[in-house]
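These are my notebook entries on a single structure.

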Amino acid sequence: MRIDSILAKKQTYSYEIFPPKGELPLEEACKVAQELALDHPDWISTTFSAGGSGNSQNTAAICDAVQNSLHVTSLAHLTCMGATTETVDAYLDTLSRAGIENVLALRGDRVPGREPKDFEYASDLIAHIKSRNPDLCIGAACYPEGHVESPSMEKSIEALKRKQDAGADFLVTQLFFDNELFYHFRDLCARGRIKIPIVVGIMPFTSKNQIQRMAFTCGATIPSRVIKRIIAAGEDPAAQAEAGVVYAQEQLCDLAANGVDGLHIYSMNKPQMAHKIHAALKECGYLAS
């Protein structure tokens, strides 16, 4: 099913997983997806290695398993940094053969030695997908605190409008920890004539080191209440991870109460953590019991 069709009917709940690299077998990644499917999410998205290589075949294989074996709508990520038209088209053909109807079109991170080839921006990729595969539902990324490379929030909204005009059907946010920043961003989108649904992406922090990395790489603001919880958890890894899950539960329930279009959980391939969040959203009434 197309994700924009689901969003037109209800507030959604979904998960993201990433495909295996190194020592993690494909079979294990599929087991993660199987565990997440027990929560009956509206869709499961699978990330993509940059440049159209690496673990992209695993991405397609997982998407195939999610949709055709687990019977959950699948969203396949696709990044264009370093990709050619030929590699993008080959990947789209692979998804088409598996019956995948949804693609999250992204530029991808800049990596030394991998420069843009046929696509400079995500909006270029979106336009290509829409012209080649007009029946695909296309998602795009958005950034509640502005893209880290953008000189201003105004420029970020302008880039978002180009994605919408190129054919994006819905948006998924980068992670954030301060809901007020998202509500402000949502208002800016409305003023900037962004009319497509905005699904909120939340990643529970699992450790002090992890949240420091996320703040640096994503530009996410760390509120004082998060810092206080990390300090209270001390150096105990289990206590730090539990603090992250509890904070995410509170954050998501507040977002649900404030009428977001959907909630998307960056699961980090941790089904038990995802199940805890799912249970909290049932308790606060966002999900049916």
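**Entry 1: second largest pocket.** I began with the lining of the second largest pocket, to which strand E1 (12–17) and helix H11 (271–283) each supply at least two residues. Helices (H or I, at least four residues) and strands (E, at least two) are DSSP runs, numbered from the N terminus. The model is predicted, so local features need pLDDT of at least 70 and side-chain atom pairs count only at pLDDT 80 or more, while totals for chains, interfaces and linings use all residues. Residues are numbered from 1 along each chain as its sequence is written, and side-chain values use heavy atoms, with hydrogens and water left out.

I noted a volume of about 190 Å³ for the second largest pocket. Of the 13 residues that line this pocket, Asp-39, His-40, His-278, Leu-287 and Ala-288 are the closest to its centre. I sorted the lining by class and found 5 nonpolar, 4 polar and 4 charged residues. Here Ala, Val, Leu, Ile, Met, Phe, Trp, Tyr, Cys and Pro count as nonpolar, Asp, Glu, Lys and Arg as charged, and the others, Gly among them, as polar.

For the search, a 1 Å grid is laid over the protein atoms alone; a pocket is an open set of points with protein on both sides within 12 Å along at least five of seven lines, a cavity is a set where a 1.4 Å probe fits but cannot get out, and lining residues have an atom within 4 Å of a point. Points are joined across faces, edges and corners, and a volume is the space filled by probe spheres set on them.

**Entry 2: cavity.** I counted 1 cavity of 30 Å³ or more. The largest cavity has a volume of about 50 Å³. Its lining includes Tyr-143, Pro-144, Gln-174 and Cys-218, and divides into 6 nonpolar, 3 polar and 1 charged.

**Entry 3: aromatic rings.** I found 8 aromatic pairs (rings of Phe, Tyr and Trp, its six-membered ring, with centres within 6.5 Å; planes under 30 degrees apart are stacked, over 60 edge-to-face, the rest tilted). Tyr-13 and Tyr-15 form an edge-to-face pair, at 5.1 Å centre to centre and 75° between the planes. Both tyrosines, Tyr-13 and Tyr-15, are buried (under 20% relative accessible area; exposed is over 50%, partly exposed in between; 1.4 Å probe, protein chains only).

How are the rings of Phe-182 and Phe-185 arranged? Their centres are 6.4 Å apart and their planes at 45°, so the pair is tilted. Phe-182 and Phe-185 lie 3 residues apart in helix H7 (residues 179–191), about one turn of the helix. I recorded Phe-182 as buried at a relative accessible area of 0%, and Phe-185 as buried at 2%. Ring pairs link Phe-176, Phe-182, Tyr-183 and Phe-185 into a cluster.
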